[in-house]
Amino acid sequence: PRHCCRSQSTMAAEGEGGAVAAALATDETVEEVRLAGGCHCGDVRFVVRVRGPWPLTLVDCNCTVCTKKAILHLVVAPEDFEAVQGCDEAPESETLALYMFGTNAAKHRFCRRCGIHSFYRARSHPNHFTVNARCLEAFRPEAEHFGLPMPTVLSPLDGRDSYEAAVAELHKAIPK
C-alpha cells in the first residue's frame, strides 16, 4: 500500500476529528472513529464506525465500474454502518436506484436524485457495506490521509485483469 500524505491538514469527522487526529499524532490509542457521509444532494446519509489498528485501508479497484465511479472502497461490517436517511435497500426504494451487471452479485446503489454512489454491497464482500470514501464528509483528496482523522493508506486492487486473485488477497486483510 502507498501512504497518502500530501499536505498538512486535519479535518473534523462529526466534530471529533480534530481530537482524534491530535490523539493519533501523540501516539495515544484511538480504537474507533465515527465518520459521517452521504450523497451530494443529502437524500442519502449514513455514519460509519471505523476501528483500529491503523492505518485505515482504502481499496482502489481498477475494474471498469469502479474506475468510472472513481470509488475508493472502505469496507465496513453491517454493525458498523448506521443508516441515517435514505439508505433503504429495498428494490422499490424511493431514494436509491439499483444497478447490477455481469454476475449480478454486486448491488450498486445510487441516489435517484443526484446519481451519487455513496455505498453498495460489493461482490467481494456481499455481507458488508462498501462505502465510497469520497462520500465521507471529512474526505479531501489533496489532504494528508485524504483529510481523514487517522493514518490512511491506499491499496490497489486489480479488478480489471485478475479479479479473483486480487479479491483472494483482499480477503486476507478484510475477511468476508
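Reply: Helices (H or I, at least four residues) and strands (E, at least two) are DSSP runs, numbered from the N terminus. This is a predicted model, in which local features need pLDDT of at least 70, side-chain atom pairs count only at pLDDT 80 or more, and totals for chains, interfaces and linings use all residues. Residues are numbered from 1 along each chain as its sequence is written, and side-chain values use heavy atoms, with hydrogens and water left out.

The protein has three helices and 11 strands, in the order β-α-β-β-β-α-β-β-β-β-β-β-β-α from the N terminus. Buried residues (under 20% relative accessible area, 1.4 Å probe, protein chains only) make up 48% of its 176 residues.

A nonpolar core is a set of buried Ala, Val, Leu, Ile, Met, Phe, Trp, Tyr and Cys residues joined through side-chain atoms within 4.5 Å. The largest one has 28 residues, and Val48, Val50 and Leu136 have the most contacts inside it. Two or more residues each come from strands E2 (32-38), E3 (45-51), E4 (56-61), E5 (73-76) and E10 (129-132). E3 gives the most, with three residues.

Contact means heavy atoms within 4.5 Å. Neighbours within four places in sequence aside, Val48 is in contact with Val33, Arg34, Leu35, Leu74, Val76, Asp80, Phe81, Val131 and Leu136. In soluble globular proteins, nonpolar side chains tend to be buried together.

Notes:
Buried < 20%, exposed > 50% of the residue type's maximum accessible area, 1.4 Å probe, protein only.
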